[in-house]
Amino acid sequence: MVQSINHNANTGPLPDFRNFGILLRIVLIVNGIALLAALLQVPTVRAWPAQFTENAALVEPLLILSLLVLAVVGDLLRRLPYAMAISAIVLIELGLTAALHFATKDLFFVDAHSLPRWLLIVALTTGMLLVYFDLRGRALSPALAEARLQALQARIRPHFLFNSINAVLSLVRQEPRRAEAALEDLAGLFRALMADNSQLTPISREIELCRQYLDLEQLRLGERLRVEWHIENMPPDALVPLLALQPLLENAVYHGIEPAETPGVVSITIHVARDRLHVVLRNPYRVTGDHHVGNKMALANIRERLQLHFDVAAELTTQIGENTFEVRMVMPYLKAE
Amino acid sequence: MTSIPRRVLIVDDEAPARSRMRDLLADVNAGLPVVVAGEAANGRDALQIAETGGVDVALLDVRMPGMDGIELARHLQQLQSPPAVIFTTAYDAYAIQAFELHVVDYLLKPIKASRLQEALSRVVQTPVLNPETLRSMQQAPRACLSVGERGRVHLIPVEEILYLRAELKYITVRTAVREYLIEESLTQLEQEFAERFVRIHRNCLVARAAIRGFERVGAESGEGPWQVVLAGLEERIPVSRRQQHIVRELAR
């Protein structure tokens, strides 16, 4: 089950038609073809711009309409097997061409017999674009994506590592047993950080890691750090990318608890709503001039990993309230076997 | 080696880090006489201990809530005989870079006893920290300004300051309660606290949050220059001709 989920959940070769980059590529390529076609149509270079304008008048409405339709049905298409999705796209394009042709016939005085020619042009252009996106998808994944995933996970904050080791050292003489437990936590955390984590993992495992992490922080910060778990309604079998939550907690402690003179609460709420897993994390936050890039890096890192696993179906948003900072992670609820 | 023990102040917001430092100092004591003069979890407590005059060396953690180690070092310089300062940090790329640049003593946590002993034996020769150096190392705006008064350090929380006015050599710091004189540059203060203060005159910065309104001097004619009304202060501060646009921007 896990295997097949991964297969489907990974970025498929089907482009995401709501992605700005993809849209831009389509617009540029189609206009590039129109430009080239114009050059082929005219006898002299001087007539080229005029011909391009004429071509654009025919191409642009279809292009815009296609992008709108694909953006709307993109999610549906994604669920189909690749071959079927491709055929569906070609059919949609042909249908739109025909519809546009009949709708604008009176407007533009287009020759009624030109329809087959246009259908052929559109089919070929669509096919070309799809081949291009397929090749591009292959180039980007999965080997490259996996390598990147591992590099991303390597970024644990040295601040945390060295402070924790220092805290453990302080225990060695007086409380050797607590020192042992702390070292075990540290080992557990680093085992997870260094393992091959390109797979999804049950959220209960991630929570365990988070608790190990928080125990270590509690050692250093004592009363200053209070943690509230609201996970009564969390399905323990939900799948998440490993280390999706722990870095967020690290952020919360680093930016919310450590700089505060008074004790603060980090709260974690996890639940499922409408087949989506919601993870909400809140921590106290005081607006100061002290803006570290570390925060944004960790968020971008997790956002990227969510994208690699779930593409557009997952999102990570942040909200700065009066005295709180909130991170909300939403992803599809996938069950472990 | 000298037989008079060095009196060391430990400043760190994390209890385990302080306890580790205590253990280390006990280890060092065999080779170099040291005594713990005190322990503080924050800058204010540290200043209070240092004011007693019984501190030769202060071991300051860089990253602390409220007042960081570098700010604390700046306030310590207001003492008549400030202690030597050694910074400690687990990892702070910016701070380490700054320490290296200015050849300021620092120790990386976890600290080795031998390294600590080496640093402590060296402090006698280290020159007193230069205020300019400390200023350039400060990343975030300070929580307080400070004045040395008869061997004590008086902290002025920045949020209590109503205005800062440059006069000749000094800067007058006005709070609702009283005035202080500090030796700093108004331009540097303006840069450091850009979000909190606004310049209304060539020689004056006022706290944005304290502004209650603006008045014209000749109330009858209504043509005179503008003055700022500040919360809890009878005194009116003139707005210079050049800064008149501030009145429109701030008085909504």
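**Figure 1. Buried residues of helix α7 in chain A of the predicted model.** In α7(A), the buried residues are F160(A), N163(A), S164(A), N166(A), A167(A), V168(A), L169(A), S170(A) and L171(A). A residue counts as buried if 20 or more other C-beta atoms lie within 10 Å of its own, as exposed if 12 or fewer do, and as partly exposed in between, with C-beta atoms placed from the backbone. Helices (H or I, at least four residues) and strands (E, at least two) are DSSP runs, numbered from the N terminus. The buried residues of α7(A) pack against α8, α9 and α10 (246–257) of chain A, together with α1 (15–28) of chain B. Contact between two residues requires that their C-beta atoms, placed from the backbone, lie within 7 Å. At 1.5 Å a residue, the 17 residues of α7(A) should span 24 Å, and the end C-alpha atoms are 26 Å apart, which agrees. The expected span is 1.5 Å times one less than the number of residues in the helix.

Because this is a predicted model, local features need pLDDT of at least 70 and side-chain atom pairs count only at pLDDT 80 or more, while totals for chains, interfaces and linings use all residues. Residues are numbered from 1 along each chain as its sequence is written, and chains are lettered from A and ligands numbered from 1 in the order in which they are written.

Figure 2. Helix α8 (residues 176–194) of chain A has 19 residues, which at 1.5 Å each should span 27 Å; its end C-alpha atoms are 27 Å apart, in agreement.

**Figure 3. The contact between chain A and chain B.** Chain A contributes 22 residues and chain B 16 residues. On the side of chain A that touches chain B, α7 and α9 of chain A each supply at least two residues. The largest share of that side, eleven residues, comes from α7(A). By class, the side of chain A that touches chain B has ten nonpolar, seven polar and five charged residues. Ala, Val, Leu, Ile, Met, Phe, Trp, Tyr, Cys and Pro count as nonpolar, Asp, Glu, Lys and Arg as charged, and the others, Gly among them, as polar.

**Figure 4. The five-stranded open sheet of chain A.** The strand order is β2-β4-β5-β7-β6 (chain A), and the pairing is mixed. Two strands pair if DSSP finds at least two bridges between them. At the edges stand β2 (225–230) and β6 (315–320) of chain A, each with a single partner strand, so one side of each is left without a neighbour in the sheet. Neighbouring strands of this sheet are turned by 15° against each other on average, direction ignored. Strand β5 (residues 276–284) of chain A runs antiparallel to strand β7 (residues 324–332) of chain A, and nine bridges join them. R282(A) stands opposite E326(A) in β7(A). Helix α10(A) packs on the sheet, touching β2, β4 (264–273), β5 and β7 of chain A, and its direction makes about 150° with that of β4(A). Axes are lines fitted to C-alpha atoms, for helices over the stretch in contact, and angles run from 0 to 180 degrees between N-to-C directions.

**Figure 5. The three-stranded open sheet of chain B.** The strands follow the order β13-β14-β15 (chain B), with antiparallel pairing. β13 (211–216) and β15 (236–238) of chain B stand at the edges with a single partner strand each, so one side of each is left without a neighbour in the sheet. The twist averages 35° from one strand to the next. Five bridges join β13(B) to the antiparallel strand β14 (residues 226–230) of chain B. R216(B) stands opposite W226(B) in β14(B).

**Figure 6. The hairpin of β6 and β7 in chain B.** Six bridges join strand β6 (residues 144–149) to strand β7 (residues 152–157) of chain B, and the two run antiparallel. E149(B) stands opposite R152(B) in β7(B). Two residues lie between the strands, and R150(B) in the turn has a positive phi of about 45°.
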